[in-house]
Amino acid sequence: MTAAAGSVEGIRSAIAKGETTAAAVTEIYQARIAGEDPRIHAFLSVDREYALAQAARIDDMAAKGESLPKLAGVPFGIKDVLTLEGFAATAGSKILEGYRPPYTATAVRKLADAGAVFLGKLNCDEFAMGSSNENSAYGPVHNPHDLERVPGGSSGGSAAAVAAGMAVATLGTDTGGSIRQPASFCGVVGVLPTYGRVSRYGLIAFASSLDRIGPFAATIRDAATVLGVIAGHDVMDATSSPLPVPDYTADLDRGVKGMKLGVPAEYFAEGLDQEVRAAIEAGIERLRAAGAEIRPISLPHTRYAIPTYYVIATAEASSNLARFDGVRYGLRAPQSDTLAGMYRRTRDLGFGAEVKRRILLGTYVLSHGYYDAYYRKAQQVRRLLTEDFLGAFREVDAILTPTAPTPAFKIGEKSDDPVAMYLADIYTVTASLAGICGVSVPCGKSRGGLPIGMQILGRHFDEAAIFRVGQAVESL
Amino acid sequence: MPETERVSPTDIRRVAELANLELTTEEESRMRRDLNAILDYVAQLGELDTAQVEPMAQVSEVLVAPEEAASEKLSVLRDDVPRPCLDRERVMAAAPETDGVFFKVPKVIER
């Protein structure tokens with residue numbers, strides 16, 4: 001298969017023209033998974049027959065000469081925090097081992113309706129809590145660029161699967177950086193859509209005011225096409241937006257001439273790796289040469305974003321994860337004499353250390369006597385952080401930053417220090433709190449060959465602008 | 001290091017109880033150490049004067065002007081109309097213990 005045929009549109013049109021079949025494409029990717037994934041561990045479950053049955057339906061349509069839907073025959077992987085009826089959905093946790101959800105997430109259903117083929121479910125940090133994928137109860141994912149390094153997290157499997165050519169596109173979720181940071185570490189495109197753009201129905205909740213679903217792909221064009229499919233209003237998610245979904249691929253080739261792009265000083269301060277800085281600054285210079293107007297801007301509350309995020313996200317998590325109690329689904333600890341004892345033993349057996357740490361922190365910041373000092377305070381600072389962005393977007397069309405302060409770090413390097421691990425999200429949590437959209441796009445490599453990502457942030461519901469800039473970065 | 005620890009051994013046990021988590025003695029001391037480290041980091045939020053700042057709970061609050069949000073036509077709430085929900089049989093199939101109609105649990109009330 002040629003490189004062009006490995007793209008969303010390449011696959012769809014090759015099947016439509018009879019140059020290949022969806023079944024043949026599916027088998028190529030299944031063979032890659034069989035060959036590559038024992039070293040990478042991106043997939044938690046695969047179902048060969050299910051994928052081939054989806055492919056057969058596409059091949060039937062093609063044989064009858066019917067027009068094929070947008071994602072016809074395109075091999076996908078789905079992060080294991082999203083439900084597909086009847087398929088395991090572990091959320092990377094022992095507490096959901098063996099759980100078969102009775103319903104399908106809206107974003108997953110929309111992919112299926114558009115002809116996508118599901119190869120399997122993807123590894124991630126437990127309940128999407130982590131920046132390295134080391135918190136998966138089923139073992140870490142290895143970065144395809146260097147197997148001793150992390151792929152980033154929490155959507156590490158989703159990023160690694162695309163980077164290793166084991167899927168054309170995948171779905172991930174992003175609460176504080178969990179799509180953008182692994183995209184940066186694995187050298188692929190990862191999209192954080194505006195809050196409300198994609199329905200959260202069927203996403204196993206971590207922090208509901210922050211959680212978002214978005215695509216990974218090798219190119220901006222593929223990612224934009226997938227977002228166009230999964231975006232839109234859904235009665236099953238009260239926070240999903242009724243705004244119409246534009247064609248995100250329409251403006252991709254317009255270039256950046258005349259666009260105003262902001263560069264915030266706070267994202268290039270202490271703690272930024274020198275090679276990452278050099279790569280991002282070189283990318284910015286190339287955008288300037290391509291006709292963009294580069295403007296220095298300030299987002300003054302940036303340094304407060306990590307503490308704000310870890311109060312709000314853990315508070316919401318402690319509430320959301322109360323539902324895992326051994327009563328309705330998943331694990332139940334055996335031989336408990338009382339209900340309270342059963343709850344405790346189930347949660348003790350089922351949750352890993354990072355999940356317990358965040359539940360405890362969230363419970364603490366919401367508890368009597370601390371609510372105002374921590375939770376209310378963090379919500380107030382969230383508004384200040386958001387106002388920083390709203391102010392900046394009156395001056396510029398998009399904002400350029402590094403996605404992460406370093407390239408991928410080594411497995412085990414930060415696993416004993418929660419604060420050091422949380423700082424891996426320092427450039428991504430701000431957009432999460434503000435609800436704006438963002439994308440990480442590959443922008444050079446370190447001397448050691450590790451990918452570096454540029455983060456492009458845009459106004460609420462202005463994904464078209466960040467894709468336009470991303471496309472320019474990609475083609476520089 | 002702070003002069004006094006924010007989270008004491010009593011605090012961590014109380015929070016674990018509120019969260020329905022069972023912690024071993026070893027876990028208890030590690031979690032207490034980690035929570036204190038994180039809360040020391042969070043303490044820098046105290047540098048900001050937020051007396052005049054409204055808390056922000058949802059992104060939708062900043063998408064429309066307050067006067068618009070208050071108006072009926074921009075209400076994001078759906079109409080309160082009953083809709084079909086998940087089939088009981090399929091839901092119960094995922095339960096650890098059920099009689100097909102109810103979820104079964106260990107005894108709640110001591111007699």
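Predicted model: local features only at pLDDT ≥ 70, side-chain atom pairs only at ≥ 80, totals over all residues.
What percentage of the 111 residues in chain B is made up of buried residues? Buried residues come to 15% of chain B, where buried means that 20 or more other C-beta atoms, placed from the backbone, lie within 10 Å of a residue's own. Residues are numbered from 1 along each chain as its sequence is written, while chains are lettered from A and ligands numbered from 1 in the order in which they are written.

**Figure 1. The two chains, one by one.** Chain B has five helices and zero strands, and along its sequence the pattern reads α-α-α-α-α. Chain A has 15 helices and eleven strands; helices (H or I, at least four residues) and strands (E, at least two) are DSSP runs, numbered from the N terminus. With a radius of gyration of 21 Å, close to the 23 Å that the globule rule gives for 476 residues, chain A is as compact as a globular protein of that length. That radius is taken over C-alpha atoms, and the rule is 2.2 Å times the number of residues to the power 0.38. Of the 476 residues in chain A, 63% are buried.

**Figure 2. Where domain 1 of chain A touches domain 2 of chain A.** Chain A is divided into domain 1 (4-230), domain 2 (261-301 + 381-459) and domain 3 (307-372), with bounds that come from an automatic or database domain assignment. Here 33 residues of domain 1 of chain A are in contact with 30 residues of domain 2 of chain A, contact meaning that the C-beta atoms of two residues, placed from the backbone, lie within 7 Å. On the domain 1 side, α6 (180-186) and β5 (189-192) of chain A each supply at least two residues, and α6(A) gives the most, with six residues. By class, this side has 14 nonpolar, 13 polar and six charged residues. Ala, Val, Leu, Ile, Met, Phe, Trp, Tyr, Cys and Pro count as nonpolar, Asp, Glu, Lys and Arg as charged, and the others, Gly among them, as polar.

**Figure 3. Helix α1 of chain A and what covers it.** In α1 (residues 8-16), the buried residues are A:Val8, A:Ile11, A:Arg12, A:Ala14 and A:Ile15. Down the axis of α1(A), these residues fall within an arc of 165 degrees, so they line one face of the helix; the arc is that of the directions from the helix axis to the C-beta atoms. Their cover includes α2 (22-40), α3 (48-63), β4 (169-174) and α7 (220-230) of chain A. Just after α1(A) comes A:Gly18, with a positive phi of about 80 degrees.

**Figure 4. Helix α9 of chain A.** In α9(A), 14 of the 16 residues are buried, so this helix is largely enclosed by the rest of the structure.

**Figure 5. Where chain A meets chain B.** This contact takes 56 residues from chain A and 44 residues from chain B. On the chain A side, the elements giving two or more residues are α9, α10 (339-350), α11 (353-366), α12 (371-392) and α13 (418-422) of chain A. The largest share, twelve residues, comes from α12(A). By class, the side of chain A that touches chain B has 26 nonpolar, 15 polar and 15 charged residues.

Terms used:
Buried ≥ 20, exposed ≤ 12 C-beta atoms within 10 Å, placed from the backbone.
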